[in-house]
Amino acid sequence: MENKWGKLKATNEDREKIWKKNRTFAGDVWFRFRHKPTALAGLIIIALLMFFAVFGPNFTDYSYSKQNLDVVNVPPRMRVYETADGEAYLYITQNMKLLEVSKDGHLGSQLEKVREDSGRYMTIFDYKGTEVALYYGQKPYLVADPETLVIYPHTTVWNHSYLLGTDSLGRDILTRLMYGTRVSLVVAFVAVAVNLIIGIAYGGISGYAGGNADQVMMRIVDIISTIPLTLYVILIMVLLGSGLKSIIIALGTVYWVDMARVVRGQVLSLKQQDFVLAARTIGSPTKTILFQHLVPNCMGSILVTATMLIPSAIFMEAFLGFLGIGLRPPLASLGTMCNDATENLRTCPYQLFFPALVIVLIMFAFNFVGDGLRDALDPKLKK
């Protein structure tokens with residue numbers, strides 16, 4: 001019988017072998033990144049938001065600009081009244097109209113108005129040949145009989161026609177939220193791409209050139225930094241006019257300052273290294289040394305800075321939209337949706353809650369990813 005617990009034979013080659021899984025730099029970064037729960041959660045949230053923004057409108061039957069004034073300010077959860085026949089519900093809109101609601105929560109048509117009884121603060125509607133009285137005194141409610149003022153029994157149902165409700169113009173909030181998230185992400189990614197190009201080139205040239213050239217280039221950066229960023233962007237938006245193109249240009253012209261400083265600092269610390277001296281010795285041109293040797297060694301700091309700039313750009317776009325100088329109606333962004341919701345904040349707080357929640361999720365997600373990249377790219381934390 002074979003002895004399974006026998007002594008294992010080992011050669012000198014096996015004794016000298018290091019039994020450790022070999023990982024590339026990218027593999028090691030991903031290994032440390034995915035072992036940080038907050039960073040991985042942030043990456044998952046970003047992926048879900050991108051899927052929601054890009055593919056979400058394909059699964060909805062509404063447009064971001066289509067208005068339906070019959071369903072103005074309908075909340076996601078409605079207080080409805082049961083009809084006498086028990087086949088449907090009735091919902092009182094903010095403009096004192098009655099909407100028929102099916103048992104499964106889908107909105108129907110408005111009831112036809114029969115007459116007005118202003119003396120008793122009532123409006124009479126017709127529901128399948130039966131009169132329904134809407135009392136609009138101190139608090140609106142439905143009564144079965146105008147004489148006895150017997151109140152219809154009420155309950156709450158979810159709005160299955162408009163899952164997140166409608167706004168003040170009867171537009172679907174869920175669809176507008178999808179388009180608003182898409183616009184905010186596009187603005188952020190395009191602005192950061194422009195910042196990467198300008199910031200890396202400007203900071204790299206400044207740090208590698210040094211001397212008077214570095215002094216002049218950094219003083220220009222200091223002058224731009226002394227102007228309040230919000231004021232600068234607003235002035236550019238006023239000159240160029242509102243619109244998506246103007247927002248991207250406004251953010252792209254000022255957001256490269258932080259990236260330029262980060263790249264300059266990294267290049268200043270790396271250009272005295274031996275590999276740069278070796279490249280100079282073999283006659284490599286300045287362009288090759290800067291963009292093929294120095295900049296790749298700065299990618300850790302560049303990626304972290306770019307990740308941190310994305311939520312800042314999204315917040316700035318939302319702030320401009322909230323001030324009313326962002327996109328032109330009926331285009332939707334998270335900021336314009338928040339601005340539109342302030343008119344009905346007391347009566348319809350859900351209109352502000354949903355776009356504000358998406359902004360918060362984006363901010364947290366990108367900050368978590370940035371923290372995870374910073375730790376994963378730090379060689380001092382390698383185990």
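**Helix pairs and sheets in a predicted model**

Helix α9 (residues 274–281) and helix α10 (residues 286–297) cross at roughly 170°, and their axes come within 11 Å of each other. Axes here are lines fitted to C-alpha atoms, for helices over the stretch in contact, and angles run from 0 to 180 degrees between N-to-C directions. Helices (H or I, at least four residues) and strands (E, at least two) are DSSP runs, numbered from the N terminus. The model is predicted: local features need pLDDT of at least 70, side-chain atom pairs count only at pLDDT 80 or more, and totals for chains, interfaces and linings use all residues. Residues are numbered from 1 along each chain as its sequence is written, and side-chain values use heavy atoms, with hydrogens and water left out.

The crossing angle is why α9 and α10 are described as roughly antiparallel to each other. Angles under 35 degrees count as roughly parallel, over 145 as roughly antiparallel, 65 to 115 as roughly perpendicular and the rest as oblique. From α9, Phe-275, Val-276, Ala-279 and Arg-280 meet Ile-289, His-293, Leu-294 and Asn-297 of α10; contact means heavy atoms within 4.5 Å. By class, the residues of this contact are five nonpolar, two polar and one charged. In this scheme Ala, Val, Leu, Ile, Met, Phe, Trp, Tyr, Cys and Pro count as nonpolar, Asp, Glu, Lys and Arg as charged, and the others, Gly among them, as polar.

Another helix pair is formed by α8 (residues 256–270) and α11 (residues 299–323), which pack at an angle of about 165° with their axes 10 Å apart. Helices α8 and α11 are therefore roughly antiparallel to each other. Asp-258, Met-259, Val-262, Val-263 and Gln-266 of α8 meet Ser-301, Ile-302, Thr-305, Ala-306 and Leu-309 of α11. The contact of α8 with α11 has six nonpolar, three polar and one charged residues.

The chain is divided into domain 1 (32–57 + 170–381) and domain 2 (77–158), with bounds that come from an automatic or database domain assignment. The C-alpha centres of the two domains lie 51 Å apart.

Within it, β3 (residues 98–101) and β4 (residues 107–110) pair in the antiparallel sense over two bridges. Val-101 has Leu-107 as its bridge partner in β4. The hairpin of β3 and β4 has five residues between the strands, and Gly-105 takes a positive phi near 90° there.

Another open sheet consists of four strands in the order β5-β6-β7-β8, with antiparallel pairing. Its edge strands, β5 (112–117) and β8 (141–143), each pair on one side only. The twist averages 30° from one strand to the next. Strands β6 (residues 122–127) and β7 (residues 130–135) pair in the antiparallel sense over six bridges, and Tyr-127 stands opposite Thr-130 in β7.

Note on methods: Pairing = 2+ DSSP bridges.
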